[in-house]
Amino acid sequence: MKRILVLTFIMLFALAPLAWAQSTIKIGVVGPRTGPAAATGKAFEEGIAIALDHLNAKGGVLGKKLEVVFEDTGGVPEKAASGFERLATREKVPIVVGESHSSSALAEIEVANRYKVPLIICEAWHDDITKKGYKYVFRAGPANSGVVDFYIAPFVKENGFKKVAIVRENSDWGAGIAERSEMNLKNMNIPFTTLKVERESKDFYTELTKIKGENPDIILAYIYGTGLHFFIAQANEVGLSPKGLILDGAGPPSLWDSFWKNVGNAGELELFMSSMHENVHLTPTSRKFWDDYKKKYGKDPSDYKTRSIYNVILIAADAINRSKSTDAEAIVAALEKTNLEVTTGTVKFGLKQGTYEYHQWMPPMLVVQWQGKKQIVVYPKEAAMGALKKGR
Amino acid sequence: VAEFLMYLTNGVVMGVINAISAIGVSLIVGIMKVVNFAHGEIYIFAGYFSYHLSVSLGLPPLLSMVLAIGLVFLFGLVLERTLIRPTYGDEMYSLIITFVLSIVLQNLALLIFGPYPNKPPNLVSGAVNLFGLFHYGNQRLLSFLISIGILLFIFYLIKKTWFGKSIRAVSQDRGMSSLMGVNHFRVNMFAFGLGAALAGAAGVILAPIFPVTPTGSSSVSLTAFVVVVLGGMGSLQGCVVGGLVLGIIENLGAAYISTMYRHIFAFIILIMVLVFRPWGLYGQKT
């Protein structure tokens, strides 16, 4: 009798996942939940929760409940590749979204292509991710070239900065965005110097002293994570900023809760890239996201990557719904025909092969400046809320 | 010249703070023959303690620094009694235990404190113009002075007090010292606590300058190990000199060779020391 009971229990547990699998559809998410950008993982978790609430309230996907399997990449390419492989083979997800490290994304796209699993990148900016022309790889987010060509370079030019210093971390993102910036500055005949730093650096006194010797009026800081906070605080201590303004080329670290605690008054007049602002709502979905977030977490969203992951989950769900299947080929075909309103505009993927714009949709970006601890959009002009303040 | 002096000053300041953390490792290695891989995690915990004591509980910053060091000291005592003591005599076991401990503590920190960096308040703010040549952060200068104070205290403790004598006795010959009436269990326990407290001291001193994150612990451990090997296992003077050498070389190397390879210089020195002088600058050739 006892044995039969035990067996029944085992059977119950063994069969339970099967029963579940039939009533839900799982989407894979890749991103750093540990490592120097673990904060991005937190932002992703929040965005995922809101997207799932939103979609499941509307009846889920293909009439089934939508679920997410979030695989940690730790910001390490090897871990990212094996995590993706696990999603593709063990979890058998029909589509994967996410990622915010270019180095990890470049490893993941290879696996995506090998296993023929569609992947929508949201916040890994390296050009090659889409430039490689992989059929299964899409990006609904910024690309280095787009950010530099359309925002950073024109911003530098229109505000009449005379001397630029580029500081970039030794990552794929840092190398790519710095190279593109150098190219643009050369074309605009603006003198610049570039300094490479280690991704996990904490002490920048030496680097900052070198930059100070060059006397730049703007410093393009391509450093992600806490390192940026150290950089800003120390730049002020050695007397480099705010005479030379600092532009955070990524954005989220300048908005993390700990930013002001870590940088103190040195944060005043700091500039950063963003795709989100409290007062800028380009679509009704953006408004809804903001309200949903506030309702769930009791505060305003700060890290714009929360919204980026929300967007790509919406795009993935939409593609599965339109293709009416979980078949990779059908989903890719549906993705190529995407015409979906998300929080940052209406997504349509580029189809011209050979450039970074293939399978790419770029949301509009903003250059924001901290003025009296308020976020003031200073560029582009159409969205500007105030004038750029220069330091003395 | 101003720039060179700036690099040198920063090297010396960072070097002295490195030395404190390294002495913590060195004491434990020298006395107990235990390599504490969880050293960096203790540093991080102390940083978070001082943050929460001062920011969340509103205690004065200086008091919360002292309390945080006290807390990790107690933590060190408990660790020694529960996890380390059963491994005596088998260096492999203690190695594995502290290694596992470092992973557990790191994840625990991530769970309790979250992934965001936290910064206890500065004791002083702003910067001074040193020698009329360059600006240097006041917090760094103060940290430097506090570190010197701690170093002097440790040297006094080890060289001049009865406790220091018994520590040195145990590290020279465990059996003989216990025949002479030294309770080596108690010495071990206290030494491990002291090692943890030193990691904590470095943590609370540096946290206002470099806010702590749960994942920042491995570089702390690594720096401490490099300094210890450089100076010679178990040598206090070695730690100070090793810390200074490392700090200065990192800064000058970054300034005049490449900023990209700052931390590689440390490893180049480490490898050279291991090849040409494996017992370190001050260690004893065995």
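Let us begin with a word on classes: Ala, Val, Leu, Ile, Met, Phe, Trp, Tyr, Cys and Pro count here as nonpolar, Asp, Glu, Lys and Arg as charged, and the others, Gly among them, as polar. With that in hand, we can walk through this structure, which is a predicted model.

Searching the whole structure turns up 4 cavities of 30 Å³ or more.

Next comes the second largest cavity, with a volume of about 80 Å³. Its lining is made of 16 residues, and those closest to the centre are Ala140(A), Ser308(A), Asn311(A), Thr344(A) and Pro363(A). The element that gives the most to this lining is helix H12 of chain A (residues 305-323), which supplies 4 residues. Here the classes come out as 9 nonpolar, 5 polar and 2 charged.

Now let us turn to the place where the two chains meet. Chain A brings 31 residues to the contact and chain B brings 33 residues. The size of an interface is often given as the accessible area lost when the parts come together. Between chain A and chain B, that buried area is about 2900 Å², with carbon and sulfur atoms giving 56% of it. On the side of chain A, the residues that lose the most area to chain B are Glu198(A), Tyr205(A) and Thr206(A), together 20% of what that side buries.

What holds a charged pairing across this interface? The rule finds 1 salt bridge between the chains. Its partners are Asp203(A) and Arg140(B), whose closest N and O atoms are 3.0 Å apart. Residue pairs in polar contact between chain A and chain B number 7, counting those with both residues at pLDDT 80 or more.

Several elements of chain A supply at least two residues each to the side that touches chain B: helix H2 (38-57), strand E7 (192-197), helix H8 (205-214), helix H9 (226-237) and helix H10 (259-263). H8(A) gives the most, with 7 residues. By class, this side of chain A has 8 nonpolar, 12 polar and 11 charged residues.

Methods:
Residues are numbered from 1 along each chain as its sequence is written. Chains are lettered from A and ligands numbered from 1 in the order in which they are written. This is a predicted model: local features need pLDDT of at least 70, side-chain atom pairs count only at pLDDT 80 or more; totals for chains, interfaces and linings use all residues. Side-chain values use heavy atoms; hydrogens and water are left out. On a 1 Å grid over the protein atoms alone, a cavity is a set of points where a 1.4 Å probe fits but cannot get out, and a pocket is an open set with protein on both sides within 12 Å along at least five of seven lines; lining residues have an atom within 4 Å of a point. Grid points are joined across faces, edges and corners, and a volume is the space filled by probe spheres set on the points. Contact means heavy atoms within 4.5 Å. Buried area is the accessible area (1.4 Å probe) that two parts lose on being put together, summed over both. A salt bridge is a side-chain nitrogen of Lys or Arg within 4 Å of a carboxyl oxygen of Asp or Glu. A polar contact is a pair of N or O atoms within 3.5 Å; within protein, one must be able to donate a hydrogen and the other to accept it, and residues adjacent in sequence count only if both atoms are side-chain atoms.
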